[in-house]
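Hi,

Here is the model I promised to pass on.

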Amino acid sequence: MRAAVYEGTRELYVREVSEPTVGPHDVLLKPKYVGICGSDLNAWQYGMFEPGVIIGHEFSAEIVGVGREVAAWSIGDRVVPNSLIPCGECKFCSQQKHSLCENMQMVGISMNGGMADLVSLPESTLYHLPKSIDDKMGAMVEPLAVVLRAFERARFAKGVSVLILGAGPIGLLSLLVAKEKGAGRVLVSEVKPPRLSLAKSLGADDIVNPLQESISLRLESLTKAQGTDLVVECTGAPGPSSETFRLVKRGGTILVLGICEEPVEADFMTGVLNELSIQFSYLGYAEFPKAIRLISSGRVNPAPLVTRVIPLERVVEDGFELLTGPSSSDVKVLVQI
Ligand SMILES: [Zn+2]
Ligand SMILES: [Zn+2]
């Protein structure tokens with residue numbers, strides 16, 4: 001079968017590999033659409049994943065085989081797998097802090113994922129995909145679950161003003177979630193104009209391009225120099241991450257979702273004097289059913305975020321190389337298997 005195999009920095013190859021084995025509690029999946037995630041791009045640029053792993057952790061699939069002990073799933077079922085497989089036994093798991101699990105497996109990162117003709121996963125990772133969610137939107141469940149969990153961790157409250165830094169997939173999903181949860185004014189900052197117009201069309205009240213205009217000046221005029229209640233950092237860049245301290249209101253919250261490779265300078269004096277809260281958030285886990293409900297009911301519609309669909313054979317050239325290039329204005333690129 002074909003698979004996108006990660007071998008290290010700038011080394012991703014679509015090649016023939018042998019089909020996976022199916023254990024008694026495993027389900028054999030035929031992936032449909034697989035999202036290319038920022039963490040996949042980071043791994044490609046900087047090296048992070050297990051060499052030899054088949055990537056792909058955001059995907060929809062159809063069941064084409066079941067292990068002999070599997071009773072709850074049938075061939076033909078449409079599913080989305082959880083990307084995080086916690087051990088269920090460590091002290092973090094016993095406290096329901098699954099994303100901190102000491103022995104976690106991550107689909108497409110530490111074990112084989114969905115960018116292949118077939119993948120075998122434990123049945124416990126799967127969720128049913130209802131008819132109301134097509135295969136493309138099934139691939140958006142995982143990133144939405146990540147954002148939902150982050151907003152819960154930041155104790156998001158109705159009516160708060162929000163500034164989102166970075167309008168990539170996670171930034172734009174944050175915009176959709178903020179609006180769905182009844183945010184006040186939402187300002188989105190982004191350097192790429194097409195992403196900025198997409199933010200506007202998805203309901204951002206204001207947009208700002210920091211290459212043309214200072215975010216703090218714009219925020220000052222919008223909030224009468226008060227700052228915003230919540231800043232959601234989705235750029236993963238050190239500059240904007242540092243700047244969050246000057247943008248948030250006294251008593252406000254900085255929610256960090258962007259993964260910054262370099263250390264970030266933090267203005268702790270402002271943090272203390274203004275009694276700021278900083279909340280970091282990494283993965284989603286228990287939020288998958290909620291993400292499925294939100295997409296299924298149409299309350300969150302991530303369809304406009306998918307800017308391109310490419311075949312598996314072109315994943316390096318039209319996916320990873322283009323997306324990490326300076327001129328890409330894509331948001332979410334899906335790989336069709
Ligand atoms: Zn991801
Ligand atoms: Zn654990």
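Let me start with the interface: domain 1 and domain 2 bury about 1,300 Å² between them, with 66% of it on carbon and sulfur atoms. Buried area here is the accessible area (1.4 Å probe) that two parts lose on being put together, summed over both. On the domain 1 side, Leu 305, Ser 329 and Val 331 lose the most area to domain 2, together 34% of what that side buries.

Some housekeeping before the rest. This is a predicted model, where local features need pLDDT of at least 70 and side-chain atom pairs count only at pLDDT 80 or more, while totals for chains, interfaces and linings use all residues. Residues are numbered from 1 along each chain as its sequence is written, chains are lettered from A and ligands numbered from 1 in the order in which they are written, and side-chain values use heavy atoms, with hydrogens and water left out.

**The two domains**

Domain 1 covers 2–142 + 284–336, and domain 2 covers 155–280; the bounds come from an automatic or database domain assignment. Their C-alpha centres lie 28 Å apart. Domain 1 puts 18 residues into the contact and domain 2 puts in 15 residues, contact meaning heavy atoms within 4.5 Å.

What holds charge against charge across this interface? The rule finds one salt bridge there, a salt bridge being a side-chain nitrogen of Lys or Arg within 4 Å of a carboxyl oxygen of Asp or Glu. Arg 299 pairs with Glu 180 in a salt bridge, their closest N and O atoms being 2.8 Å apart. Three residue pairs are in polar contact between domain 1 and domain 2 (both at pLDDT 80 or more). For that term, take a pair of N or O atoms within 3.5 Å; within protein, one must be able to donate a hydrogen and the other to accept it, and residues adjacent in sequence count only if both atoms are side-chain atoms.

Helix 1 (38–46) and helix 10 (288–296) each supply at least two residues of the domain 1 side that touches domain 2. Helices (H or I, at least four residues) and strands (E, at least two) are DSSP runs, numbered from the N terminus. The residues on that side of domain 1 divide into nine nonpolar, five polar and four charged. The classes are Ala, Val, Leu, Ile, Met, Phe, Trp, Tyr, Cys and Pro as nonpolar, Asp, Glu, Lys and Arg as charged, and the others, Gly among them, as polar.

**Salt bridges**

The count comes to 17 salt bridges by this rule. One of them joins the side chains of Asp 135 and Arg 78 (3.0 Å, N to O). Asp 135 sits in helix 3 (residues 135–138) and Arg 78 in strand 6 (residues 78–81), so this pair ties together parts that are 57 residues apart in sequence.

Glu 190 and Arg 195 form another salt bridge, with their closest N and O atoms 3.9 Å apart. Glu 190 is buried at 7% relative accessible area, and Arg 195 also counts as buried, at 14%. For these words, buried means under 20% relative accessible area, exposed over 50%, and partly exposed in between (1.4 Å probe, protein chains only).

Arg 314 and Asp 318 meet through their side chains in a salt bridge as well (3.0 Å, N to O), and Arg 314 is partly exposed at 36% relative accessibility. Salt bridges that share partners also join Arg 2, Asp 117 and Glu 313 into one network.

**Loops and a helix end**

Most residues other than glycine have a negative phi. Arg 155 has a positive phi of about 50° although it is not a glycine. Arg 155 belongs to the loop between helix 4 (141–153) and strand 11 (162–165), and is exposed at 72% relative accessibility. Glu 275 has a positive phi too, near 45°; this residue lies in the loop between helix 9 (268–273) and strand 16 (277–280) and is exposed, with a relative accessible area of 62%.

Last, have a look at Thr 223 in helix 7 (residues 215–223), which counts as buried at 18% relative accessibility. A polar atom of the Thr 223 side chain lies 2.7 Å from the backbone oxygen of Leu 219, and a polar atom of that side chain lies 3.0 Å from the backbone nitrogen of Gly 227.

Cheers
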